[in-house]
Number of protein chains: 2
Amino acid sequence: MIEFKSWEKRKRAAFINSLSGFKSCNLIGTKSVKGQENLAIFSSVFHLGADPALLGMISRPNVVPRDTLEYLKESGYYTINHVHHTFFEKAHQSSARYDKEMSEFEAVQLEKEYLNQFQAPFVKASPVKIAMRLREILPIKLNGCEMIIGEIDFVEVDPKAITDNGHLDLERLGVITTSGLDSYHQTKRIARLSYAKPDQWPKVID
Amino acid sequence: MIEFKSWEKRKRAAFINSLSGFKSCNLIGTKSVKGQENLAIFSSVFHLGADPALLGMISRPNVVPRDTLEYLKESGYYTINHVHHTFFEKAHQSSARYDKEMSEFEAVQLEKEYLNQFQAPFVKASPVKIAMRLREILPIKLNGCEMIIGEIDFVEVDPKAITDNGHLDLERLGVITTSGLDSYHQTKRIARLSYAKPDQWPKVID
């Protein structure tokens, strides 16, 4: 048994942050009503439902720069941009506490892009760009976090990375995964498996 | 722009399930008050906070076997067991709709284990075993999902996989990640990066 409850705060945080497993690695783009652009790395985006197409993410009061939350609340829009292995250092650097009037797009040298008249900026180099419309913010009273729920407005991705059955091949697109507070990983597919049924063992489908 | 809104239901589900990025891959162990054991694969476990040590996960009404939710609600306890690459097929197979009185531990041939008098069963072969106490269930009205929030009671993991600063090396432990509905991946670390500060570029720390 690991005695993490007696560890000092930072060590405990690094450990507990590792325990959920591998995480998604995304850059969230927002723009304030006054026109200030913001970019921040999140590792808490998760699937919530396919119809309506909903994604959730967690905003932690003490950790995440509050600009993202402020701008997406006031504008109602944000973008989710998957991190490619060629720019993981820039993505990580976006978590530094820059001055409010500094755009992280400029600070970390990731080119922004506006698509289809959508209000919030995308990361041009990202292989998966998702336009999100804010639907609901659920407070988590246990620790003051907020769960941000958005609906997918549109997706920009190379159609060649989508298989016939709709699966998107993130690995082929060079999307990475993250673990703990600071570890970045590429992936190597073991297999895709057929839909599980009680009377037969799954087959490798790819 | 990908026209997923006009796709048939299954293809749309496969695509949207891929969009959040790489996901955690866990087996959730529960036991009903009457003694029935259950095991189910989840890819939605996420970090919520380090102190109190909270993990969240999403229960989807139409997808996940309801036994897990029923048993953890009635008992108040569950286990989170990370999936090792040697048993990903068994983990996947746990999602088949077995009869209620069938234990998935037996059906997929994963040995169970009870630790420290904890009420719910663990997966013996899992390299990261987390004992969870249910704290809260938040309904998500937009689509009928529920967010299950639990507090970590104790963790069993090889202490050699924990670095000095508390980071747990999941890759070294053989833990895998998943994407979409059916794709399993091993990882290959690119780097760990130092804490980001505005006035300097992050350093590789491992």
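By class, six nonpolar, 11 polar and two charged residues line the largest cavity. Here Ala, Val, Leu, Ile, Met, Phe, Trp, Tyr, Cys and Pro count as nonpolar, Asp, Glu, Lys and Arg as charged, and the others, Gly among them, as polar. A cavity is a set of points, on a 1 Å grid over the protein atoms alone, where a 1.4 Å probe fits but cannot get out, and its lining residues have an atom within 4 Å of a point. The model is predicted, so to speak of local features pLDDT of at least 70 is needed and side-chain atom pairs count only at pLDDT 80 or more, while totals for chains, interfaces and linings use all residues. Side-chain values use heavy atoms, with hydrogens and water left out, residues are numbered from 1 along each chain as its sequence is written, and chains are lettered from A and ligands numbered from 1 in the order in which they are written.

The largest cavity holds about 130 Å³ of space, a volume being the space filled by probe spheres set on grid points that are joined across faces, edges and corners. Its lining is made of 19 residues, and A:Lys23, A:Ser24, A:Val45, B:Val45 and B:Phe46 lie nearest the centre. Strand S3 (46–50) of chain A and strand S3 (46–50) of chain B are the elements that give two or more residues to this lining. Strands (E, at least two residues) and helices (H or I, at least four) are DSSP runs, numbered from the N terminus. Around the second largest cavity stand A:Asn17, A:Lys23, A:Ser43, A:Ser44, A:Arg60 and B:His47; by class, four are polar, two are charged and none is nonpolar.

## Where the two chains meet

How many residues does each chain bring to the contact? Chain A and chain B bring 100 residues each, with contact meaning heavy atoms within 4.5 Å. Together the chains bury about 8,500 Å², 65% of it on carbon and sulfur atoms. This buried area is the accessible area (1.4 Å probe) that two parts lose on being put together, summed over both. B:Phe22, B:His47 and B:Leu142 supply 9% of the area that chain B buries against chain A, more than any other three residues.

Four salt bridges cross the interface of chain B and chain A, each a side-chain nitrogen of Lys or Arg within 4 Å of a carboxyl oxygen of Asp or Glu. B:Arg192 and A:Asp182 also meet through their side chains in a salt bridge, at 2.8 Å from N to O.

## Inside chain A

Let us turn to a residue in a strand. A:Ile28 belongs to strand S1 (residues 26–31) of chain A. A:Ile28 counts as buried because its relative accessibility is 0%, where buried means under 20% relative accessible area, exposed over 50% and partly exposed in between (1.4 Å probe, protein chains only). Beyond neighbours within four places in sequence, the contacts of A:Ile28 include A:Leu39, A:Phe42, A:Val45, A:Met57, A:Thr68 and A:Ile80.

A:Thr68 is also one of the buried residues of helix H2 (residues 66–75), among them A:Asp67, A:Leu69 and A:Tyr71. Their cover includes S1, strand S2 (37–42), strand S4 (53–59) and strand S5 (77–82) of chain A. Just after H2(A), A:Gly76 has a positive phi of about 85 degrees.

## Salt bridges within the chains

Over all chains, the whole structure has 22 salt bridges. In one of them A:Lys73 pairs with A:Glu146, with the closest N and O atoms 3.5 Å apart. A:Lys73 lies in helix H2 and A:Glu146 in strand S9 of chain A, so the pair ties together parts that are 73 residues apart in sequence. A:Lys73 is partly exposed at 41% relative accessible area, whereas A:Glu146 is buried at 17%. A:Asp67, A:Glu70 and A:Lys100 are linked in a network of salt bridges.

In chain B, B:Glu111 and B:Lys124 form a salt bridge with their closest N and O atoms 3.7 Å apart. Is B:Glu111 buried or exposed? B:Glu111 counts as exposed because its relative accessibility is 52%, and B:Lys124 is partly exposed at 41%.

Conventions
On a 1 Å grid over the protein atoms alone, a cavity is a set of points where a 1.4 Å probe fits but cannot get out, and a pocket is an open set with protein on both sides within 12 Å along at least five of seven lines; lining residues have an atom within 4 Å of a point.
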